[in-house]
Amino acid sequence: MDTIILKSLGGAETVTGSKHLLKTSELNILVDCGLFQGIKSLREQNWEPLHVDVAEIDIVILTHAHLDHCGYIPLLVKNGFKGKIYMTEPTKELAKLILLDSAKLQEEDAEKANYHHYTKHNPAKPLYTIHDAEKSFKQFFTVSENSFIKLSDHIQCRFKPCGHIIGACSVEIVCFEKTIIFSGDIGRTHSAILPPPDFFTKANFIVMESTYGDRLHDNTNLYDKLEHWINLTVKNHGNIIIPSFAVGRAQELIYILYQLKEQNRIPYNLPVIMDSPMAASATDILVEYAEYTTVNKEKWLEIIEQMNINREYADTAEIIHDKQSKIIIAGSGMMTGGRVLEYLKHDVGNSRNTVLIVGFQAEGTRGRALLNESHELKIHGKYYPVKANIVELTGLSAHADQSELIEWIKNFEQPLQQIMLVHGEPSAQEALRVKIQTELQIPVKILIKDKEFVL
């Protein structure tokens, strides 16, 4: 039997930088190719060479289009990767959008660093450029869900939707008669706009995400909570700021807010403003691939018609200084950058306003600081006092919680040889490891970056 080796190059003992290498005698397959995000020590790893010869990677399989899973692709290609990158059709369009935006930000950050001389490099250079991103697109190949793709004589793979964002999939790799499942990011059982995660039923090994391995999402009615906080804030003549991931959360939010208005649970004339060019473009892609959602295209067009979508940064100041109460959906979701920072500067210091946190907040981000009840936020070199209401709504998370992860595992009909946990902070991984071993009696290993594990 040929030896199969698993080696995580990122996304091990942290939620970012997902890159999992499967080494075999026929092919070396990289599952996901993400950027590290969050605290500086993580981001700096993007600049370090991978602990593998890039030229030895034959194929990349992309589970979905979030930056922590796809953002390293242009650099991989720039450094010599020549193979195909397999993904679903919606993932291809979203990945193009996200990588071009990432490259643009890389170029702008380098330009600012050189202009203001706050860099130890002379000159500062982007991690990759727009040209690098566009060049990588030539290696994108789309696949159909639920169909086997032959990769070599003894290796094939299959994608199944996992309910995280449109196009997101778990991946099954059948390799020398062993079956390895890469879960990708598993979505919620009950999403407002996506079907529940599909699942595989047979495997020897699972490489599994553990983002919320140590907690359960709030099962109280999400619509009730949104209704309460929106109406309370409007009554106090304040604004509702919702930092949101441009791909996935923003679209689910506009759908839910539309429903609340239709049900007369929040003021029908309350402005809902999406101030994010990327979220606007991602919404266009979602409408194009509406069949991947539980909402038809005509309904999406009706929802968008009632929205105020701002694509121009020049108009952001005008929106900020409009004294009418409003709901603002703006990126970035973890408040690490983007237009939401302009709204926070103006609104986070006022107790009439509410900041709704609706997604995972990585260590070292402003979002995590707010969840940790920080009394101030540092934005663009200045400190702003935090007096607004800070409310976390876990019901809008795109990640399965501990109970949903356990139920996903229970779909496997035969005994599993091993589960390997990735994409989680240490506390979440340890809690999930103990839970799986205690409740399901399945051996669990927490993968360590750059350590090889023989399957």
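Predicted model: local features only at pLDDT ≥ 70, side-chain atom pairs only at ≥ 80, totals over all residues.
Local features were considered at pLDDT of at least 70 and side-chain atom pairs only at pLDDT 80 or more, whereas totals for chains, interfaces and linings use all residues. Residues are numbered from 1 along each chain as its sequence is written, and side-chain values use heavy atoms, with hydrogens and water left out.

Helix H7 (residues 249–262) packs with helix H8 (residues 277–288) at an angle of about 75°, the axes being 9 Å apart; helices (H or I, at least four residues) and strands (E, at least two) are DSSP runs numbered from the N terminus, and axes are lines fitted to C-alpha atoms, for helices over the stretch in contact, with angles from 0 to 180 degrees between N-to-C directions. H7 is therefore roughly perpendicular to H8 (65 to 115 degrees). Contact (heavy atoms within 4.5 Å) is made by Ala250, Gln251 and Ile254 of H7 with Ala279, Ala282, Thr283 and Leu286 of H8.

An open sheet of mixed pairing is formed by 7 strands in the order S7-S8-S9-S10-S11-S20-S21, where two strands pair if DSSP finds at least two bridges between them. Strand S7 (149–152) and strand S21 (444–446) are the edge strands, each pairing on one side only, and the twist averages 20° from one strand to the next. Within this sheet, strand S10 (residues 178–182) runs parallel to strand S11 (residues 205–209), to which 3 bridges join S10; isoleucine 181 stands opposite isoleucine 206 in S11. Helix H13 (residues 402–409) packs on the sheet, touching strand S9 (169–175), S10, S11 and strand S20 (418–422), and the direction of H13 makes about 160° with that of S11.

Technical notes. Parallel < 35°, antiparallel > 145°, perpendicular 65-115°, else oblique.
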